[in-house]
Amino acid sequence: MTLVIRDKLAVRAKDLLFNAQLPGWLYRLLWPGGDPFVAGFHEHEGIFVHVPKAAGSSVAEAMFRQPVGHRPIRRHLAYHPTLTASYFKFTFVRNPWDRLHSAYHYFATRVGTDWHRDHRWANEFIGPFGSFQEFVFALEDPRFAARVKRYDHFRDQVDWLVDPRSGRILMDYIGRFESLTDDFSRIRDRLRLSVELPHRRKGGGGDYRSAYDTRTINIVRSLYLRDVRAFGYDFGERL
């Protein structure tokens, strides 16, 4: 089964979470009970923005003892602009070529089932392709790429971190998946926490570098140019 009407509406609604034009009061009206702040944010005066496919589940589990969800900083601003300005804001990002490869394999394992929207999305957007390379080739079509990039795991990482009204990234600290342990330690010390990072979840697909050729490298560079420029990534950086 592919996406049903309620799934498509949910995806479009989620896309609005990144919208610059919605005033805070309307944002809160559209998502009542959607306050993104968990208790640990207030306890430690820190906000963690969990970018999908960048080791965020492990970080949230260690620091806040619960998931924090995939919630852009725009949503935090809508609910608590003063606290968002004053709390220590941090995140983790990942090499775009590696992140796309990991996201593809995550969804490829869900093709053929339909009990969750992720699975139905995978059937529609991953199922038709026989390989990662074929999927990347399809992303050369800007219409297909735009539809794929509406989904959390494929959206630009910058989208999660920027105030779309000003275009400014609001993070106080941006850690990297590639230096997860060291960066986690720096954030932990800043928040005065005595916690350890659990073992990183193993992604599928192996070393991303072996999955690309010149054409697919360039496709992904163009597709995620905002992330490449914002975070200084390039293809071939070691994990």
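# Exercises: rings, a sheet and its helices

The structure holds 27 aromatic pairs (rings of Phe, Tyr and Trp, its six-membered ring, with centres within 6.5 Å). The model is predicted: local features need pLDDT of at least 70, side-chain atom pairs count only at pLDDT 80 or more, and totals for chains, interfaces and linings use all residues. Residues are numbered from 1 along each chain as its sequence is written, and side-chain values use heavy atoms, leaving out hydrogens and water.

## Exercise 1: two ring pairs

Task: Classify the pair F18 and W160 from its ring geometry.

Solution. 
- Step 1. Recall the classes: planes under 30 degrees apart count as stacked, over 60 as edge-to-face and the rest as tilted.
- Step 2. Take the values. The ring centres of F18 and W160 lie 4.9 Å apart, and the planes stand at 85 degrees, so the pair is edge-to-face.
- Step 3. Locate the rings. F18 sits in the loop between α1 (5-16) and α2 (24-30), and W160 in helix α11 (residues 157-161), so the pair ties together parts that are 142 residues apart in sequence. Helices here are DSSP runs of H or I with at least four residues, strands are runs of E with at least two, and numbering starts at the N terminus.

Task: Classify the pair Y27 and W31.

Solution. 
- Step 1. The distance is 5.0 Å centre to centre, with 45 degrees between the planes of Y27 and W31.
- Step 2. This pair is tilted.
- Step 3. Y27 has a relative accessible area of 0% and is buried. W31 also counts as buried, at 17%.

## Exercise 2: the sheet

Task: Work out the strand order and pairing of the open sheet of three strands.

Solution. 
- Step 1. The order is β1-β2-β5, with parallel pairing. Two strands pair if DSSP finds at least two bridges between them.
- Step 2. Find the edges: β1 (46-49) and β5 (173-176) each pair on one side only.
- Step 3. Neighbouring strands are turned by 25 degrees against each other on average, direction ignored. Axes are lines fitted to C-alpha atoms, for helices over the stretch in contact, and angles run from 0 to 180 degrees between N-to-C directions.
- Step 4. Follow the bridges. Four of them link β1 to β2 (residues 88-93) in the parallel sense. F48 has F90 as its bridge partner in β2, and I47 has K89.
- Step 5. Cross to the other side. β2 and β5 run parallel and are joined by four bridges. F90 stands opposite Y173 in β5.

## Exercise 3: around β2

Task: Decide what encloses β2 and which way its residues point.

Solution. 
- Step 1. Six of the six residues of β2 are buried, so the strand is largely enclosed by the rest of the structure.
- Step 2. Sort the side chains. F88, F90 and F92 point one way, and K89, T91 and V93 the other way.

Definitions and conventions. Buried < 20%, exposed > 50% of the residue type's maximum accessible area, 1.4 Å probe, protein only.
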